[in-house]
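Q: Could you take me through the charged side chains in this one? I'd like to go pair by pair.
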Amino acid sequence: GIGHVISHVVNELHVPLLSFAATDPTLSASEYPYFIRTTMSDYFQMNAVASIVDYYQWKEVTAIFADDDYGRGGVSALGDALATRRAKISHKAAIPPNSNTEVINDVLFRANMMESRVMVVHANPDTGMRIFSVANKLQMMASGYVWIVTDWLAAVLDSSASRDLKGMSHIQGLVVLRQHTPESDAKDKFTTKWNNAARSRGINSGLNSYGFYAYDSVWAVARGIDQFLDNGQQVNFSADPRLHRSKDSTLQLSTLKVFDGGEQMLQQLLLTNFTGLTGLVQFGPDRNLVRPAYDILNVGGSGSRLIGYWSNYSGLSVAAPETLYQKPSNASSVAQRLYNVVWPGDSTTTPKGWVFPNNGQPLRVGVPIKASFKELVAGGRGSDNVTGYCIDIFNAAIRLLPYPVPCQFITIGDGKKNPNYDDIISMVADNVCSISFFLPVYVFNHFVISPLICFIFTSPLMQL
């Protein structure tokens, strides 16, 4: 939100704005030409999430997010990324800013009534940690659930020098993304220097990936200004006649000055090219950092373990992205790989990612009651009175499924006159029935050829 507001101001003042924390993809260069993102856009992070969803062959997710610019922008990018992989967001659970525990409980309760069991959480740390506390009370951290969390949680874990075991118990089995920063001597030296300084000053917090991007952002500004001055440019400001004080306003707008060399400074910053703590600091044509990549973590015990990486170059892999840049890009489905995950409930079996919703309708089966062949299907009014060979086979097939399917038989016809099959098809198309029996009987030379049992499906239960 702050990034959006300030970007409007710097557009008028021609002052470049570098942000190492504003990941919202709607902060685009086309709308905010003086905005430069010195961290990774959530556009790439949501593509990483979509790759994980596709890797485990899930088709629907529930998005739980903060209902602000940051949350809405990220979820919009997630929907686009999932669509390219033939998946979708089936339910959006928006949590208003500054919500109390009761509001979060209501949002999660409604989300839990839905079909999807793949939860993607994109929130700020304060709201996010309360989400998991409430989810644990609602028994949503049990076996069968999937929780994929964006990089805010990794920042919280890395910043916490001492693990809160009570809080950790609420997030066991989560899959978490973290901005990837390659290992290097410079990174190790800086981390050691930071830790020594933190101890000497009594600071308990650790260093997360945003800290590395902040450090590189300061160096990018320093290099840009140095090159700007070396090119003979000067730092001058001039008054803007469009900025004047209004009678009823306390804002001192007339004191704001326009940076005369703003366009030259902007272009100099966009030419940034050096290796920092976060790796190569360089901007592409879209003004995003080149080589976006994420670590994929699995939370367990008192910490987390690395199960793989995602990069915009080669997708999912168990090899560090920097080792793959020297090889031909291979983002095929065969090449995608992650290490095994311990899911919520301490389960090593990959969850199927969905259940029948608690507020869903039963599978409604239309049963034509014919005047003949009552051994196949017979019955009067009501689902309890339907019997016959076809019904027995259908019930046996339903019992073989690895999950329960509640069924309701809807009789069609009075048993005296054969129902019209066109009318039955219309009932399925009009959603009166989810599926319907179709019982064609063929007679050839006075011999009855075995009846066929057919079904017409026009519902999401095509898996049957």
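Q: Is Asp158 buried or exposed, or something in between?
A: Asp158 counts as partly exposed, at 24% relative accessibility, where buried means under 20% relative accessible area, exposed over 50%, and partly exposed in between, for a 1.4 Å probe and protein chains only. This is a predicted model, in which local features need pLDDT of at least 70 and side-chain atom pairs count only at pLDDT 80 or more, while totals for chains, interfaces and linings use all residues. Residues are numbered from 1 along each chain as its sequence is written, and side-chain values use heavy atoms, with hydrogens and water left out.

Q: OK, and which residue does Asp158 meet in a salt bridge?
A: Asp158 meets Arg178, at 3.4 Å from N to O; a salt bridge is a side-chain nitrogen of Lys or Arg within 4 Å of a carboxyl oxygen of Asp or Glu. The pair links distant parts of the chain, with Asp158 in helix H6 (residues 152–159) and Arg178 in strand E7 (residues 175–179), 20 residues apart. Helices (H or I, at least four residues) and strands (E, at least two) are DSSP runs, numbered from the N terminus.

Q: How many salt bridges are there in the structure?
A: The structure holds six.

Q: Switching to Arg72, what does it pair with?
A: Arg72 forms a salt bridge with Asp67, their closest N and O atoms being 2.8 Å apart, and another with Asp69 at 3.3 Å. Through shared partners, Asp67, Asp69 and Arg72 are joined into one network.

Q: Where do Arg72 and Asp69 lie?
A: Both are in helix H3 (residues 69–83), three residues apart, about one turn of the helix.
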